[in-house]
Amino acid sequence: MNIALPSPRIETIIQPDPSAEKAQLLSGLLSPQARIDPKYFYDDLGCELFTRICELDEYYPTRTEAGIFEDCRDEISTALPSAAQWVDLGCGDCAKSARWLDHVAPTRLVGVDIAGDFLQSSLTGVAARYPRIDCVGVVSDFTQSMDIQGLLAEKPESPPVFFYPGSSIGNFDRPHALRFLRSIRQHCGADGRLLIGVDLVKDRDILEAAYDDAQGVTAAFNLHVLEVVNRELGADFDPDRFRHRALFDSEQQRIEMQLVARREQAVHFTGEATRHFAEGEHVLTEYSHKYTIDGFGNMLREAGFGRYQVWTDANQWFGVFLAEPI
């Protein structure tokens, strides 16, 4: 006889406000430096294109981080507290967390993501495979604010391990990154940990190729965001009138993804708003900050993490940091 397992519990911290989000998107596009939040990359087609990016020869971060995890999983697991609450920030399909569960044996998996329906489905799959793990989902835009203290307090004997792989910390500017790390620190208590992937500074040619591949997949990914904006704002962007550009700013130590106007043009939005673009003017779509090991270590200390360990690949292209409070 098949016994139906209970569905994972889902806590909703945010209530989407489509009108406010559209107003914010339009405001960014009408600003002196036109800008689109990178979250608009990830509709169904955008996710498909990003999956293809992760498989490209030029795009090293995904496979390099995965290699570090594979080579160092036992050593990292030994350094983690036992019977922890494993908190996966931006968990998606939970595939990255699933590779850790047999090694760290957490009492609870907390999946945090902005997509509630997908979160329910992902955690249901984990719960079926690991019935002894309490699976809880939190619908939240944790990049803006996070408050799950009450949820973690339900298991005071189980310290949290915050898991944030994939180098997404690089999408924040440094003040935002520091605020985010401090928020995690506030949730850690005395015994919690942060396990985070960080892309490291390296040769300009390697970095720029990773964001501007020879096949043009990243260009298609970047240009597709204009179609998303057209759908969201009733705009008339013509992607053929823009070109993709990825530049490494060595002073700021970051990649800038841009969409550059091929010629002078006007873009119209529902509600009679219009944005004029001069030839060569660009829309900023993403920052991807890169760090040195010492530089990110100093930021961890500033956020209140007094100790950290780091594992890298042989080329030191990518770092996996395990941080703990002072």
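How many salt bridges does the count come to? The count comes to 16 salt bridges, a salt bridge being a side-chain nitrogen of Lys or Arg within 4 Å of a carboxyl oxygen of Asp or Glu.

## Basis of the model

This is a predicted model, in which local features need pLDDT of at least 70 and side-chain atom pairs count only at pLDDT 80 or more, while totals for chains, interfaces and linings use all residues. Residues are numbered from 1 along each chain as its sequence is written, and side-chain values use heavy atoms, with hydrogens and water left out.

## The sheet of 8 strands

An open sheet of mixed pairing is formed by 8 strands in the order β1-β4-β3-β2-β5-β6-β13-β12. Strands (E, at least two residues) and helices (H or I, at least four residues) are DSSP runs numbered from the N terminus, and two strands pair if DSSP finds at least two bridges between them. The edges are held by β1 (9-12) and β12 (307-312), each with a single partner strand, so one side of each is left without a neighbour in the sheet. From one strand to the next the twist averages 20°; axes are lines fitted to C-alpha atoms, for helices over the stretch in contact, and angles run from 0 to 180 degrees between N-to-C directions.

Strands β3 (residues 108-113) and β4 (residues 134-139) pair in the parallel sense over 6 bridges. Gly111 has Gly137 in β4 as its bridge partner. Helix α4 (residues 95-104) packs on the sheet and touches β2 (85-89), β3, β5 (160-164) and β6 (193-199), where contact means heavy atoms within 4.5 Å. The direction of α4 makes about 165° with that of β2. Helix α10 (residues 293-303) lies across β6, β12 and β13 (318-324), at about 150° to β12.

## The sheet of 3 strands

A further open sheet has 3 strands in the order β7-β8-β11, with antiparallel pairing. Here β7 (242-249) and β11 stand at the edges with a single partner strand each, so one side of each lacks a neighbour in the sheet. Neighbouring strands of this sheet are turned by 20° against each other on average, direction ignored.

Strand β8 (residues 254-261) runs antiparallel to β11 and is joined to β11 by 7 bridges. Glu256 stands opposite Tyr287 in β11. Helix α9 (residues 217-233) lies across β7, β8 and β11, running at about 60° to β8.

## Two domains and their interface

The domain assignment, which is automatic or from a database, gives domain 1 (27-56 + 204-289) and domain 2 (57-202 + 291-325). Their centres, taken over C-alpha atoms, are separated by 28 Å. In the interface, 19 residues of domain 1 are in contact with 17 residues of domain 2.

The two domains bury about 1700 Å² between them, of which carbon and sulfur atoms give 53%; buried area is the accessible area (1.4 Å probe) that two parts lose on being put together, summed over both. Leu56, Ile206 and His289 supply 35% of the area that domain 1 buries against domain 2, more than any other three residues. The count between the domains is 0 salt bridges. On the domain 1 side, α2 (44-54), α8 (204-210) and β11 (282-289) each supply at least two residues that touch domain 2, and α8 gives the most, with 5 residues.

The side chains of Glu154 and Arg9 meet in a salt bridge at 2.8 Å, N to O. This pair links distant parts of the chain, 145 residues apart: Glu154 is in the loop between α6 (149-153) and β5, and Arg9 is in strand β1.
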